[in-house]
Amino acid sequence: MADETTSAFDARRAHWDNLYATKAPTEVSWYQEIPTSLALIEATGIGPDARIIDVGGGASNLVDHLLARRFRDITVLDISEQGLAVAKARLRTDASRVNWIVADATEWRPDEEYDLWHDRAAFHFLTEVPEQNSYMDGLRAGVLPGSHAVISTFSEEGPIRCSGLPVVRRDAERIGNALGDDFILRFQKNEDHRTPRGTVQNFAYTWFQRI
Ligand SMILES: C[S@@+](CC[C@H](N)C(=O)[O-])C[C@H]1O[C@@H](n2cnc3c(N)ncnc32)[C@H](O)[C@@H]1O
């Protein structure tokens, strides 16, 4: 019989694989043609040699925009192989310029350092403190002093669910509390995201740097 960890992973993966298999990438509620995060990533001043990881990147076209800006060391991690398959198919031959990892961010541990860790709307699905802590252990192992974390979640004005799942809403201060005292807030803004169906969702966008 599968242990509890395996079951939780399988349930999560099945939810997201099913979603990416049944919805067009431009129809998912979180779709952005030009990701808001792009401007925050550019504001950090990192150059094209920087090592960037997009955690819970799914089918996001952030990777397309990063490749267009000549970033050379990009990793996209997601629990859903199906979500990554959508991005790979869109990128065609450029997909080989990206490192793809299928993993649960609450369990995965980096084996290299990153100059920038990006997460838009993945961390907020972690509703239990142990899994939040475990995610942050992974982040802290991969983001060393001087490096950046660009993280966004539904804000405290945002919806309480996303994609049918409960979320933890946070403002910049609460995102900072989760990261820890050695991450300082460089920039934050809240922004209304209009979903393809016209619903408004308020996001908290943040850029932190580890000191
Ligand atoms: C709301 S979508 C956001 C996708 C992308 N970041 C964007 O902004 O377009 C959440 C993503 O997080 C992924 N995800 C959810 N839980 C995860 C986990 N524990 N580990 C890794 N990825 C996860 C989902 O598969 C999905 O692709």
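Let's start with a word: a residue is called buried when its relative accessible area is under 20%, exposed when that area is over 50%, and partly exposed in between, using a 1.4 Å probe and protein chains only. Asp-104 has 6% relative accessibility, so it counts as buried. Before going on, note that you're looking at a predicted model, where local features need pLDDT of at least 70 and side-chain atom pairs count only at pLDDT 80 or more, while totals for chains, interfaces and linings use all residues. Residues are numbered from 1 along each chain as its sequence is written, and side-chain values use heavy atoms, with hydrogens and water left out.

Now for the sheet. Helices (H or I, at least four residues) and strands (E, at least two) are DSSP runs, numbered from the N terminus. Two strands pair if DSSP finds at least two bridges between them. Seven strands make up an open sheet here, and its order is S3-S2-S1-S4-S5-S9-S8, with mixed pairing. S3 and S8 stand at the edges with a single partner strand each, so one side of each has no neighbour in the sheet. From one strand to the next, the twist averages 15 degrees. That angle, like the others below, lies between N-to-C directions and runs from 0 to 180 degrees; the axes are lines fitted to C-alpha atoms, for helices over the stretch in contact.

Let's walk through some of the pairings. S1 and S4 are parallel and share three bridges, with Ile-52 standing opposite Leu-116 in S4. Strand S5 (residues 148-154) runs antiparallel to S9, and seven bridges join them; Ile-151 has Thr-206 as its bridge partner in S9. On to strand S8 (residues 183-194), which pairs with S9 over 11 bridges, again in the antiparallel sense. There, Leu-185 has Phe-208 as its bridge partner in S9. S8 and S9 form a hairpin with five residues between them, and Gly-198 in the turn has a positive phi of about 95 degrees.

How enclosed is strand S9 by the rest of the structure? Of its 11 residues (200-210), 10 are buried, so the strand is largely enclosed. While you're looking at strands, here's a handy rule: in a regular strand the side chains alternate between the two faces of the sheet.

Helix H5 lies across S1, S4, S5, S8 and S9, and runs at about 150 degrees to S4.

Next, look for charges. A salt bridge is a side-chain nitrogen of Lys or Arg within 4 Å of a carboxyl oxygen of Asp or Glu. The whole structure has 12 of them. One links the side chains of Arg-12 and Asp-104, at 2.9 Å from N to O. Arg-12 sits in helix H1 (residues 4-22) and Asp-104 in the loop between strand S3 (98-102) and strand S4 (116-120), so this pair ties together parts that are 92 residues apart in sequence. Arg-12 also bridges to Glu-131, where the closest N and O atoms are 2.4 Å apart. Since Glu-131 belongs to helix H5 (residues 129-142) and Arg-12 to helix H1, the parts tied together here are 119 residues apart in sequence. Is Arg-12 buried, exposed or partly exposed? Its relative accessibility is 23%, so Arg-12 counts as partly exposed, whereas Glu-131 is buried at 16%.

Another salt bridge joins Arg-51 and Asp-115, at 3.1 Å from N to O. Arg-51 lies in strand S1 (residues 51-55) and Asp-115 in the loop between S3 and S4, so the pair connects parts that are 64 residues apart in sequence.

Finally, the rings. Rings of Phe, Tyr and Trp (its six-membered ring) pair if their centres lie within 6.5 Å; planes under 30 degrees apart count as stacked, over 60 as edge-to-face and the rest as tilted. The structure holds eight aromatic pairs. Trp-108 and Trp-117 form a tilted one, with 6.2 Å between centres and 45 degrees between planes. Phe-154 and Phe-203 have planes at 85 degrees and centres 5.0 Å apart, so they are edge-to-face. Both Phe-154 and Phe-203 are buried.

Terms used: Contact = heavy atoms within 4.5 Å.
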